[in-house]
Amino acid sequence: MFEKSEETLKEKVRKLPRKPGVYLMKDRLGTIIYVGKAKNLKNRVSSYFQKGRRPMMAPKIKMLVELIADFEFHVVRSETEALLLEGRLIKELKPKYNTDFTDDKQFIQIRVDLQAEMPAFRVVRVRTTDRARYFGPFPHSTEVRRTLSQLRKKFGIVLGDTHPQKLPDGRWRLYNDVRAEIYGHANELSAEEYRARVAAACEFLEGRDRDEVARLTEEMLEASKSRDYERAMKLRDRVAAIKATLEKSRRFIRGNPLPDPVLPREALVALGEALSMKEPPRTMECFDISHISGTFVVSSCVHFCDGIPAKNEYRHFRIKGYVGNDDFRSMHETIFRRYGRLYRENKPFPDLIVIDGGIGQVHSALEAFAEIGAEPPMMIGMAKREEYVIFHDGRDPLKLPDNSPALRLLQRLRDEAHRFANSYNADLRSKKIRESVLDDMPGLGEKRKAILLAKFKTIARLKSATIEELRETEGIGEVFARELREFLDKN
């Protein structure tokens with residue numbers, strides 16, 4: 001059946017444009033089995049059907065080619081857009097062969113068997129189907145081993161080279177040698193106390209996973225902007241592998257929740273004491289800025305009540321006051337818009353404001369309150385790397401202990417703001433990619449484009465609209481409806 005349709009496919013390939021874009025390979029049932037991007041669609045897609053190249057193909061590529069019965073493609077304006085659209089489609093469609101290629105990459109991972117009485121953290125390369133939890137994958141083994149060493153010192157957990165002994169009273173002894181003194185944590189403890197350490201270490205690793213995804217994504221976009229597309233594709237594959245593993249871990253954790261060793265109320269009391277507040281902060285808001293090299297600049301505001309996220313109070317902002325990369329101006333605009341509105345509406349401010357940043361961002365927030373004409377509540381910055389707390393009232397920076405429940409609460413708040421900002425940024429980029437095809441339509445201005453998108457909701461529905469349906473749209477006459485239909489057919 002494939003041989004019978006091969007000439008038809010080659011004819012279709014001959015009509016492909018020599019432009020950047022994304023192609024979707026389909027099997028005989030019309031199922032999309034692979035998504036790829038190309039600098040030149042005609043050259044890239046035609047390479048799949050050149051018989052002379054098949055003997056040199058990897059086994060999985062040969063199998064993919066044998067299954068191809070049809071394909072479709074999308075032309076975009078640049079290789080950068082092709083890279084982004086490819087990633088978006090892979091995420092949405094989850095084609096079999098993209099998934100296989102991603103899962104085949106054996107990056108270093110951290111494994112912890114949560115079913116064991118005294119779980120140990122180990123380095124592995126292959127993720128099995130057991131009930132353990134995995135973190136990563138990470139691209140560099142030295143980084144992973146450094147992280148495990150940090151975990152052992154920071155949280156008092158054991159690694160795979162340790163064999164704890166159970167004592168007659170039911171407690172456990174972690175080490176029988178000098179390591180008990182080197183690592184500085186209680187060496188004899190109950191299984192429940194040790195699992196609290198494991199929970200804290202897992203929470204720390206979750207943050208490392210998110211940071212790794214954000215860092216690699218930014219590197220990928222920078223590489224694509226610099227036209228280093230080979231590096232961008234390798235980074236994209238790393239991001240996909242990490243996200244796939246993270247999702248598998250989350251599915252497991254949803255059914256097997258870890259105990260939280262610190263209750264929200266305890267953490268709030270500890271935080272209030274650490275910041276010398278009269279009362280523990282019941283309501284807290286945290287702000288973060290997200291952008292890609294000064295484009296798609298957005299900010300987030302997340303709200304916690306009694307130590308728990310209150311997502312109905314979350315807000316995000318698209319920065320409007322300037323164009324470019326300036327975190328100080330972005331923070332100023334965000335704080336001014338958020339609390340200027342609350343001030344005008346006579347609504348209460350939160351007990352504590354947390355800024356993701358150092359002294360510069362905190363000063364920008366203070367200036368915004370001065371313009372509003374309102375006295376700010378307790379406000380702090382969370383400086384990266386060393387995790388210092390920066391006070392708005394001029395006090396010396398505060399370094400909270402690594403095992404402090406107050407620090408862990410602040411980190412959860414900050415990480416949630418970071419996640420929410422990045423999510424909004426990604427949504428805007430995806431929307432821009434979806435709508436970009438209409439930017440090349442002659443005579444289609446922003447107003448009519450907005451009307452079309454409001455009526456048809458998605459580009460896919462717009463592309464399937466008939467001339468009559470297009471003509472019924474406000475501001476679209478019969479002649480322009482036919483021109484638009486022809487343009488959509490070509491693109």
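# A guided tour of the predicted model

The protein chain exposes about 25300 Å², and 51% of that comes from carbon and sulfur atoms. Areas here follow the Shrake-Rupley method with a 1.4 Å probe; for residues, only the protein chains shown count as cover. This is a predicted model, in which local features need pLDDT of at least 70 and side-chain atom pairs count only at pLDDT 80 or more, while totals for chains, interfaces and linings use all residues. Residues are numbered from 1 along each chain as its sequence is written, and side-chain values use heavy atoms, with hydrogens and water left out.

**Whole chain.** Start with a cartoon. The protein chain has 17 helices and 18 strands. These are DSSP runs, numbered from the N terminus: helices are H or I with at least four residues, strands are E with at least two. Of the 491 residues, 48% count as buried. Buried means under 20% relative accessible area, exposed over 50%, and partly exposed in between (1.4 Å probe, protein chains only). Among contacts between residues at least 6 apart in sequence, 60% join residues at least 24 apart. A contact means heavy atoms within 4.5 Å.

**Confidence.** Now colour by pLDDT, the predictor's confidence in each residue, from 0 to 100. The chain mean is 79, and 78% of residues reach 70 or more. Among the elements, β15 has the highest mean, 95. Helix α9 (residues 229-255) has the lowest, 57. Select residues 248-262: pLDDT stays under 50 there, and the model has 28 contacts beyond four places in sequence for them. Residues 100-105 also stay under 50, with 10 such contacts.

**Aromatic pairs.** Show the rings next. The structure holds 7 aromatic pairs. Select Tyr314 and Phe420. Their ring centres are 5.1 Å apart and their planes are at 65°, so the pair is edge-to-face. Rings of Phe, Tyr and Trp (its six-membered ring) pair if their centres lie within 6.5 Å; planes under 30 degrees apart count as stacked, over 60 as edge-to-face and the rest as tilted. Tyr314 sits in the loop between β13 (308-309) and β14 (315-318), and Phe420 in helix α13 (residues 405-435), 106 residues apart. Both Tyr314 and Phe420 are buried.

Move to Tyr339 and Phe349. This pair is edge-to-face too, at 5.3 Å centre to centre and 70° between the planes. Tyr339 belongs to helix α11 (residues 327-344), while Phe349 is in the loop between α11 and β15 (352-355). Tyr339 has a relative accessible area of 0%.

**Charges over rings.** Select Arg395 and Phe391. Arg395 lies over the face of Phe391, 3.9 Å from the ring centre. Then try Lys12, over the face of Phe71 at 4.9 Å. The test is NZ of Lys or CZ of Arg within 6 Å of the ring centre and within 35 degrees of the ring normal.

**Cysteines.** The structure holds 0 disulfides (pairs of cysteine sulfur atoms within 2.5 Å). Centre on Cys286. Its closest cysteine sulfur, in Cys301, is 8.5 Å away, too far for a bond. Cys286 is buried at 0% relative accessibility. Cys202 is likewise buried, at 0%.

**Backbone stops.** Most residues other than glycine have a negative phi. Select Ser276, where phi is positive, about 60°. Ser276 lies in the loop between α10 (264-274) and β11 (283-292), and is exposed at 58%. Finish at Asp306, with phi near 55°. Asp306 is in the loop between β12 (295-305) and β13, and counts as partly exposed at 31%.
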